[in-house]
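This report goes through salt bridges, helix packing and a surface patch in turn. Please keep the sequence and the structure in view while reading.

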Amino acid sequence: MEVRDKLNRIFQEVFKDSVIQIKPETTANNIDGWDSFSHITLIVAIETRFNIKFTQKELLGFRNVGDLIKSIESKIAP
Amino acid sequence: MLFNSLSFTLFFIVVFFLYLVLKCKWQNRVLLLASCIFYAAWDWKFLSLIFISISTDYFCSIAIRGSDNEKIKKWLLILSIAVNLSILGLFKYFNFFSANLTQLINLFGFSVQPYTINIILPIGISFYTFKTMSYTIDVYTGKIEPARNYLDYALFVIFFPLLLAGPIMRAGDLLPQIASPRKLSLNKFYEGSYLIFWGLFQKIFIADNLAKIVNLIFGSKPPYEGVEVLITIYAFAFQIFCDFAGYSNIARGLGKCMGFDIMVNFNLPYFATNPQDFWQRWHISLSNWFRDYLYYPIALRMRK
């Protein structure tokens, strides 16, 4: 849940919308302004804030926010 | 066999009747056979080419999923992409590049004859190549599971409503619809018929009639009147739109009648407010394809 909250704040900042509430099944279609440019900004913001690095293959395999959260959790787990 | 031909109408009536009386597994076989006949009606020789693509991606994907070795997975992906792009490059772009290269060399004062090969373009080749490539890439990145049934996968690639002019459906959206029984209803049949007739109207009535005006000017030599050119340019814009969107609508309608959900490929593109918006509305499946399989791999690699 912690990851999801932190991720939600990043979403709100990147898309400049304080009412965004992400869900595991959220995709780019559900969020205004989530286009191919802001997607790159979003990924870079997530990597910086969680201090992690996604592989190319992981990035291309995300189907929704749920996949993204799972990947972040697997990387920050001790 | 174009969608707006009598032969296609008869073809579809027969296929649809068989489809209605059979169960899912046999429906798929009828559709696969029908798609092969549909393709062979253009040129039966290229049927082998499409099955080379189908087999390459089918077996590469299963091998990718089955392997634990990252290196082997990557090489299998490269193999699949190489086969697909070689076929596409040879048949679609070889003469184009050859002719342009010759022109370039001749610019520098050399005299070279263009080396072109005498082949006709296998119809629909870009559409099915993009489809099979996206499938293998999606299996590689873990977005989807590979198809286990060869015949289902073959149908995904060669499915006749989408074969000539798309939309370029993704395996993640279309394969599950092929693998499990479709629900048919009278409502879907009405909706599908509406799309088919609307598409036919766009193609036959609007596009083909505008083509007559357009060809009058495009086919003649200068001088032109300003007004003629203005009218022709606008007419051409609506001709290509109605031609392509009409075809996409027919494809969606044919799918809908048989219980398939085919994605929307045109969303009022001429109402776009900027070029970015336009490409999100025109031939959406192609724009998305380039975004996911060309732009993202490059942009994500170069991030920071």
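## Terms and model

A residue is called buried when its relative accessible area is under 20%, exposed when that area is over 50%, and partly exposed in between. The model described here is predicted.

## A salt bridge within chain B

Arg281(B) and Asp277(B) meet through their side chains in a salt bridge, with 3.1 Å from N to O. Arg281(B) has a relative accessibility of 18% and therefore counts as buried, because the cut-off for buried is under 20%. Asp277(B) is also at 18% relative accessibility and counts as buried.

## A salt bridge between the chains

How many salt bridges are there over all chains? The count comes to 14. One of them is formed by Arg303(B) with Glu47(A), whose closest N and O atoms are 2.6 Å apart. Arg303(B) is in the segment after helix H12 (284-301) of chain B, while Glu47(A) is in helix H2 (residues 36-50) of chain A, so this pair joins two chains.

Are the two partners buried or exposed? Arg303(B) is buried, at a relative accessible area of 11%. Glu47(A) is buried as well, at 1%. Shared partners also link salt bridges here: Glu47(A), Lys53(A) and Arg303(B) are joined into one network.

## A salt bridge within chain A

In chain A, Lys75(A) forms a salt bridge with Glu58(A), and the closest N and O atoms are 3.0 Å apart.

Lys75(A) counts as partly exposed, with a relative accessibility of 26%. Glu58(A) likewise counts as partly exposed at 26%.

## Helix packing in chain B

Two helix pairs in chain B involve helix H6 (residues 150-158). In one pair, the axes of helix H2 (residues 24-43) and H6 of chain B come within 9 Å and cross at roughly 45°. H2(B) is therefore oblique to H6(B), and the crossing is left-handed.

In the other pair, helix H3 (residues 47-66) of chain B packs with H6(B) at an angle of about 125°, and the axes are 10 Å apart. This makes H3(B) oblique to H6(B). The crossing of H3(B) and H6(B) is right-handed.

Arg29(B) lies in helix H2 of chain B and counts as partly exposed, with a relative accessibility of 34%. Along the chain, Arg29(B) and Leu155(B) are 126 residues apart, yet their C-alpha atoms are separated by 8.3 Å.

## A nonpolar patch on chain B

Which residues form the nonpolar patch on the surface? They are Phe218(B), Tyr224(B), Val229(B), Leu230(B), Ile233(B), Tyr234(B), Phe236(B), Phe238(B), Ile240(B) and Tyr270(B). Together they have about 940 Å² of accessible area.

Helix H10 (residues 226-257) of chain B supplies the largest share of the patch, with seven residues. Tyr270(B) is found in the loop between H10 and helix H11 (275-279) of chain B. At 35% relative accessibility, Tyr270(B) counts as partly exposed.

Note on methods:
Residues numbered from 1 in each chain as written. Chains lettered and ligands numbered in written order. Predicted model: local features only at pLDDT ≥ 70, side-chain atom pairs only at ≥ 80, totals over all residues. Heavy atoms only, no water. Patch = residues over 30% accessible without salt bridge, like charges linked within 9 Å, V, L, I, M, F, W, Y side chains within 5 Å. Areas by Shrake-Rupley, 256 points an atom, 1.4 Å probe, with all protein chains shown as cover. Salt bridge = Lys/Arg side-chain N within 4 Å of Asp/Glu carboxyl O. Helix = DSSP H or I, 4+ residues; strand = E, 2+ residues; numbered from the N terminus. Buried < 20%, exposed > 50% of the residue type's maximum accessible area, 1.4 Å probe, protein only. Axes fitted to C-alpha atoms, helices over the stretch in contact; angles between N-to-C directions. Parallel < 35°, antiparallel > 145°, perpendicular 65-115°, else oblique. Left-handed = near helix turned anticlockwise from the far one by under 90°.
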